[in-house]
Amino acid sequence: MIMRFLLPTALLLLSPLTQASLLAPFRNEDGSTRWQYVANFSSGVLIILLTIVVITLFITWRRARRYNIELEEIRGHLEERVQDRTAKLEQEVSEHVITTQRLQASEAYIRNILSSMPLVLVGLDADGTITQWNRRAEERSGIAADEAIGQNLWSIYPDITVTPKHIEQSLERNESLTLRYSQPGSYHMDITVYPLEHTQTPGVVILVDDVTRQVIAENMLIHHDKLSSMGELATAMANDINPPLQAILFDLRNFQSLLESGRLQEGQNGQQAEVERVQQLLENASENGRQVESVIRNLLEFARGRSSKAHDANVVDILEHSVEQASDALSLPNAQPFRNMQIERHYEDSLPMAPCYITELQQVFLSLFRHTYQALVDKARRSDADFTPTIKLFVSECYDALSIRIQHNGTGLTSEEQMYLFEPYLHKGNEAKAAEDADKRLSFPYFVITEQHKGHMAVTSDPEIGTTFHIQLELH
């Protein structure tokens with residue numbers, strides 16, 4: 001600002017016209033210089049210039065002070081922002097440190113879990129390169145994790161059962177695959193291949209579980225169940241054969257006593273009566289023999305086993321054939337035989353054929369009729385003469401299944417008996433008591449329906465009203 005003022009002034013003073021007009025007051029008439037006026041004017045001009053300079057400096061100082069104050073405020077704000085940012089950074093750094101520690105702890109925990117797993121765990125990418133190899137995999141393969149990770153699985157461990165096709169199949173379908181690898185008498189392996197989800201690069205995880213002990217235990221349990229079922233079947237067949245066989249032996253002893261007494265050698269009148277008695281004994285023995293033959297024939301048919309594939313059959317025909325077998329085989333001394341029991345049939349019309357194993361299904365129905373017959377005889381012995389033993393047979397179609405019900409009004413089952421009815425009987429001690437209790441179980445029919453036919457079997461009962469056996473066979 002001073003320069004803008006001084007420059008025009010200097011130019012004005014240096015111009016000739018200006019100099020002539022300005023220097024006039026400082027000269028006398030004779031042309032001599034009036035120095036007093038020059039000194040006064042110079043001092044006045046100097047004072048004015050100094051005043052202007054002082055004012056300019058004061059204004060500049062005020063501006064500089066204001067700028068300094070503003071700069072101090074800006075620096076204060078900057079320091080506050082720096083402090084806040086530093087505090088936030090320190091907090092973020094501390095949070096990152098905590099997060100890092102947690103991630104490291106989680107990673108170590110997951111690594112420890114993978115290493116401690118009793119299963120072989122192998123991680124693969126889509127190309128078959130190993131990304132994970134736990135301690136169990138090291139033990140089974142003899143290859144260290146450092147040597148395995150980053151290598152192709154089949155190049156370093158070609159003995160593994162999983163093939164590249166299984167990996168491709170799992171990734172394409174995006175679903176897990178389960179494989180069973182067994183060496184009979186040595187080991188059994190369950191292998192699961194499942195794809196990884198929500199990952200940048202596709203990959204799979206292979207789990208290999210050694211189920212040798214489990215398979216051995218299951219086989220032992222199945223063998224035990226088979227033995228229990230065969231024991232139950234043998235007990236049931238023995239009960240079927242024993243009554244007619246005892247009747248045959250009784251008739252033979254009577255026939256033998258007649259021969260020893262010599263009454264057949266007596267006169268014509270006495271001999272005729274004895275001959276008729278012998279004929280009656282022989283007829284009874286023949287009938288009981290046919291019962292034994294029927295039971296043995298049914299046992300032989302069952303012993304020959306079923307075919308490997310179920311065949312469509314009419315369940316009503318199988319049920320009726322089982323009724324005929326029960327009529328021939330089921331009878332007890334001093335009791336109404338099965339053939340004289342009242343049987344009510346309630347069969348739905350136009351029933352579809354059901355896939356089944358005919359011989360086994362006949363054995364199921366025969367076992368249920370045997371159980372029913374014993375309950376009816378037991379109640380008849382404890383009831384008055386007005387009791388009419390009745391068996392009701394129901395067969396109907398229920399959605400995609402065939403519903404079969406066998407109902408009787410004999411002695412029902414208690415809650416405890418219903419609970420253990422379908423379980424094998426394991427006996428110790430008294431053999432006679434064991435045979436009696438085993439005859440009350442229906443574990444073998446239950447096994448045939450649920451395991452062989454993949455159906456359902458249940459019982460509803462009341463000790464005073466009777467029992468109903470429910471069977472459901474799938475039609476497809």
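The model is predicted, so local features need pLDDT of at least 70 and side-chain atom pairs count only at pLDDT 80 or more, while totals for chains, interfaces and linings use all residues. Residues are numbered from 1 along each chain as its sequence is written, and side-chain values use heavy atoms, with hydrogens and water left out.

**View A. A patch of positive charge on the surface is formed by Arg-62, Arg-63, Arg-65 and Arg-66.** Patch residues have over 30% relative accessible area and no salt bridge, and like charges are joined within 9 Å; a salt bridge is a side-chain nitrogen of Lys or Arg within 4 Å of a carboxyl oxygen of Asp or Glu. Arg-62 belongs to helix H3 (residues 35-116); a helix is a DSSP run of H or I with at least four residues. Arg-62 is partly exposed, at 43% relative accessibility (buried means under 20%, exposed over 50%, partly exposed in between, with a 1.4 Å probe and protein chains only).

**View B. Phe-58 and Trp-61 form a tilted aromatic pair.** The ring centres are 6.0 Å apart and the planes are at 35° (rings pair if their centres lie within 6.5 Å; planes under 30 degrees apart count as stacked, over 60 as edge-to-face and the rest as tilted). Both residues lie in helix H3, three residues apart, about one turn of the helix. Phe-58 is partly exposed at 44%, and Trp-61 is partly exposed at 46%.

**View C. Phe-338, Phe-369 and Tyr-373 form one aromatic cluster.** Phe-338 is buried at 0% relative accessibility, and Phe-369 is buried at 1%.

Notes. Patches are made of residues with over 30% relative accessible area and no salt bridge: like charges are joined within 9 Å, nonpolar side chains (Val, Leu, Ile, Met, Phe, Trp, Tyr) within 5 Å. Accessible areas come from the Shrake-Rupley method with a 1.4 Å probe; for residues, only the protein chains shown count as cover. Lys and Arg count as positive and Asp and Glu as negative; His and the chain ends are not counted. The place of a charge is taken as NZ of Lys, CZ of Arg, CG of Asp or CD of Glu. Helices (H or I, at least four residues) and strands (E, at least two) are DSSP runs, numbered from the N terminus.
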